[in-house]
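Please look through the sequence and the structure shown below before reading the notes that follow.

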Amino acid sequence: MWPAALFPAWEFLVSKAKRRVVVTGLGVLAPNGHGLDEFTSALRDGRSGIRHHAHLEELNFACQVGGIPENVEQFQEQYLSAEELFAMNANMIYAAIGAIDAWKDAGFEVPGPEVEADWETGAIIGTGIGGIDTISQTLGPRVDAGKVRRLGSTMVEQIMSSGNSARIAGLLGLGNQVSTNSSACNTGTEAIVMGAQRIRDGLATRMLAGGSEGHSHYIWAGFDAMKVLNRTKNDDPAAASRPLSASAAGFIPGSGAGVLMLEELESAQGRGARIYAEVLGGALNCGGHRQGGSMTAPNPNSVQRCIRGAVADAGIAGTEIDAINGHLTATFADPHEVNNWSKALERAPADMPYIHSTKSLIGHALGAAGGLECVASILELHHGFIHGSINCDDLHPELEAFAGAVVHETIDLPDLRTIAKASFGFGDVNGCVIFRKFA
Amino acid sequence: MENQDVFDKVVEILRPFAKNEEALGTISLETSLQKDLEVNSARLVDIVLEIEDSFDIEVSDDDADGVNTVGDAVNLIVAATS
């Protein structure tokens, strides 16, 4: 082998390849709570954020319930100026609140405009659908009426896919990579895997990573038309999101934002930051719409490969996983997903780790889902508990063998060490990330 | 409408767009929208739209391009409404 001294670039890459990534900040704006205290207690108490929404009923939606962060208009001005809010839709506002909360939680102050850009910190904040409320309510009607001039200056920044991350860059003075990824319901998890990878590669010291989604009924309408939303519980919203249940009849749409501050370990330790967890590893892939995969269904081989890939990347065995925060939306796919976890981790049903679904409490927040559920997973690691997966007392018959692994009510688990979180999205795309309590 | 009323209304329109709150506190007809109030240049389009809505007038692109100060806006409105 050639002496490394002759190849300083190679030496650089080797040293960077050893970089470890930890989570030093969390931001959450969920239908059942804003901020870590509220969200943690909602998870622990099994408090649902699903509500009936009159406008959905008036518009003849079959599913008239959903998850929307509450009272945001009452506190958004604590985060954003009138001029900023003037150019932001719900998706952007949610993302900004989540990112600012994560930033502050990591121990940083929001910098003023005179402070130079932070070249070591970037953001990958994804969204699944983005600013469709702006498109539907403003852009389309005004353009069709011949009133292009009346669009004003804010249209592009609100409808460009990267609007959420771009706004965050300005609010926080980010100078590293700033981008918005989009991979449907895998978006938030994908962002976290990509953000961690950028730090591991030595290209950034810190990355805000996660996802956001607005609550527009224009987003939810397409899913309602597909009949993939549960239309049987309009009179009982808290019981509407039923992952793992025999009576699951479709998912419940949600919204909000979940953002992690990912940070290189030495940087975190050097500044004495609180470390919630380590990102041990992750994987992303696509099933290519083969072997049963399609635009709307996952290729089981790709799901298993993704989980195995994340476990291998983490350098652990499948037996080391203590708990799974599944994708688990409450569609026909839940039993398939659990079986895929069992095969990928090479653990028999009776030997499966705890499994639960945060969507049972907040619905499926689409592009924000992975971010919100990763925040939930890390809070569980940090505080030593697994929240109950509500509404599955009537466990799906195909999951009987896994009954011992399903967490119905919150359990304290001080020894909880390792959680796997996965997301699977339209387009047959998958993401899985492994978090471990940092010790 | 009295010029003072127009001025007051213009100030209210400008308020959410002004990044320099100190300049907003000493605002006068000579105050520059961009240099003093530090209004984002892209937002001048929105300010003109707000003026059109508030005073029920139409502002041509040429006239809009000539608005640099608070006084320019007031004069333009007074001319269009008198």
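In what order do the elements of chain B run from the N terminus on? They run α-α-α-α-α, where helices (H or I, at least four residues) and strands (E, at least two) are DSSP runs, numbered from the N terminus. This is a predicted model, in which local features need pLDDT of at least 70 and side-chain atom pairs count only at pLDDT 80 or more, while totals for chains, interfaces and linings use all residues. Residues are numbered from 1 along each chain as its sequence is written, and chains are lettered from A and ligands numbered from 1 in the order in which they are written.

**Chain B**

- Chain B has 5 helices and 0 strands, and its C-alpha atoms fill a box of roughly 30 × 25 × 20 Å along the principal axes.
- A compact globule of 82 residues would have a radius of gyration near 12 Å, and the 11 Å of chain B agrees with this; the radius is taken over C-alpha atoms, and the globule rule is 2.2 Å times the number of residues to the power 0.38.
- Of the 82 residues of chain B, 26% count as buried, which for a residue requires 20 or more other C-beta atoms within 10 Å of its own, the C-beta atoms being placed from the backbone.

**The domains of chain A**

- Chain A is divided into domain 1 (21-270) and domain 2 (281-437), with bounds that come from an automatic or database domain assignment.
- The C-alpha centres of these two domains of chain A lie 21 Å apart, and the contact between them takes 61 residues from domain 1 and 54 residues from domain 2, two residues being in contact if their C-beta atoms, placed from the backbone, lie within 7 Å.
- On the side of domain 1 of chain A that touches domain 2, the largest share, 8 residues, comes from α10(A).

**Nonpolar cores**

- A nonpolar core is a set of buried Ala, Val, Leu, Ile, Met, Phe, Trp, Tyr and Cys residues joined through C-beta atoms within 7 Å.
- The largest core has 112 residues, of which A99(A), L208(A) and L260(A) touch the most other members; its largest share, 11 residues, comes from helix α6 (residues 90-105) of chain A.
- This core draws at least three residues from each of domain 1 and domain 2 of chain A.
- Apart from it lies another core, of 18 residues, among them A18(B), V39(B), A73(B) and I77(B).

**Between the chains**

- The contact between the chains takes 7 residues from chain A and 8 residues from chain B.

Technical notes. A residue is buried if 20 or more other C-beta atoms lie within 10 Å of its own, exposed if 12 or fewer, and partly exposed in between; C-beta atoms are placed from the backbone.
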